[in-house]
Amino acid sequence: MSEERFGEFVLVRRHADGHVAELALDRPKAMNAVSTAMARSVSAACAALGEDRDVRVVVLTSTHERAFCVGADLKERNSFSDADLLRQRPVTRGAYTAVLELPVPTVAAVHGFALGGGFELALSCDVIVADPTAVVGLPEVSVGVIPGGGGTQLLPRRVGAARAAELVFTARRVAAEEARELGLVDQLVAEGRDREQALELASRMAANSPVGLRAAKRALRLGHGLDLRAGLEVEDAAWRSVAFSGDRAEGVAAFNEKRAPRWPGE
């Protein structure tokens, strides 16, 4: 396993021959509160991972024992003027967008608090794995703002408009079991095993065609919310992008030869 640091607060680890990248939020003294510096680091790490053709899946984790991420750094913001807050906005928004727009499948491993921007980072991933200590929510209206890292758009896509409205308007925190029942997280695993299980899931994904994974994610993301006819056109475009690829040829050959594929990744 290799490691690379992006700034002071983000650590990237490579697993599974470099095909699984773990993006670890590493600001333990602040429970991974998203400061300006941390947001820049998340964006930089995602940019590097998105361009790395060896990376097939990204897992978003936390090095803090009791928190995934508690959201925006309100202590930093308390010192801001209005102009400072306005200047910070594209930086923090860029971090959430960078996670959301990673071209490969993404898995969040959540334990402890995942609140506000912290939960929005998880919502930006394709799959959320959580352990029983997880507490999630979007409490922004309780401090006079709104979810601004994608929460008002990503949450209703997961749980429906009415359920999302109730959660946002009440600002309530949701414990792990209810979160799983509501669809706020996808898998509930044994305590302390969220990272392990997320990495295991990522390894299973990464065994598949890197060309296929990227195209499937593109089809899923771009087609969501479109009417069926338009969505099927998105799917067809994605299919055409892989149908004549080296990965497709290798996948068919490996199946017929009853062996594990050796993906060329092109």
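User: Which side chain meets Asp 126 in a salt bridge?
Analyst: That's Lys 217, at 3.0 Å from N to O. Keep in mind that this is a predicted model.

User: How many salt bridges does a search of the whole structure find?
Analyst: It finds 17. Some of them link up: Glu 3, Arg 13, Glu 22 and Arg 195 are in one network.

User: What does Arg 13 do in there, then?
Analyst: Its side chain meets that of Glu 3 in a salt bridge, 3.3 Å from N to O. Arg 13 belongs to strand 2 (residues 10–15) and Glu 3 to strand 1 (residues 2–6), so this pair ties together parts ten residues apart in sequence. Arg 13 also has a salt bridge to Glu 22, with the closest N and O atoms 3.1 Å apart.

User: Are Glu 22 and Arg 13 buried or exposed?
Analyst: Both are buried. For Arg 13, the relative accessibility is 15%.

User: Switching to strand 4. How many of its residues are buried?
Analyst: Six of six, over residues 57–62. Val 57, Val 59 and Thr 61 cover one side, and Val 58, Leu 60 and Ser 62 are on the other, all of them buried. In general, side chains in a regular strand alternate between the two faces of the sheet.

User: Which strands does strand 4 pair with?
Analyst: Strand 3 (residues 20–25), in the parallel sense over six bridges, and strand 6 (residues 106–110), also parallel, over three bridges. Leu 60 is the bridge partner of Leu 23, and Val 58 is that of Thr 106. Strand 3, helix 1 (residues 36–51) and strand 4 also make a right-handed β-α-β unit.

User: What about the sheet of four strands, what's its order?
Analyst: 5-7-9-10, an open sheet with mixed pairing. Strand 5 (67–69) and strand 10 (174–175) are at the edges with a single partner strand each, so one side of each has no neighbour in the sheet.

User: Last one: which residues form the nonpolar patch on the surface?
Analyst: Leu 74, Val 143 and Val 145, with about 260 Å² of accessible area together. Val 143 is exposed at 52% relative accessible area, and its place is in the loop between strand 9 (135–137) and helix 5 (151–159).

Conventions: Residues are numbered from 1 along each chain as its sequence is written. This is a predicted model: local features need pLDDT of at least 70, side-chain atom pairs count only at pLDDT 80 or more; totals for chains, interfaces and linings use all residues. Side-chain values use heavy atoms; hydrogens and water are left out. Two strands pair if DSSP finds at least two bridges between them. Helices (H or I, at least four residues) and strands (E, at least two) are DSSP runs, numbered from the N terminus. Patches are made of residues with over 30% relative accessible area and no salt bridge: like charges are joined within 9 Å, nonpolar side chains (Val, Leu, Ile, Met, Phe, Trp, Tyr) within 5 Å. Accessible areas come from the Shrake-Rupley method with a 1.4 Å probe; for residues, only the protein chains shown count as cover. A salt bridge is a side-chain nitrogen of Lys or Arg within 4 Å of a carboxyl oxygen of Asp or Glu. Buried means under 20% relative accessible area, exposed over 50%, partly exposed in between (1.4 Å probe, protein chains only). A crossover is right-handed if, with the strands pointing away from the viewer, the path from the first strand over the helix to the second runs clockwise.
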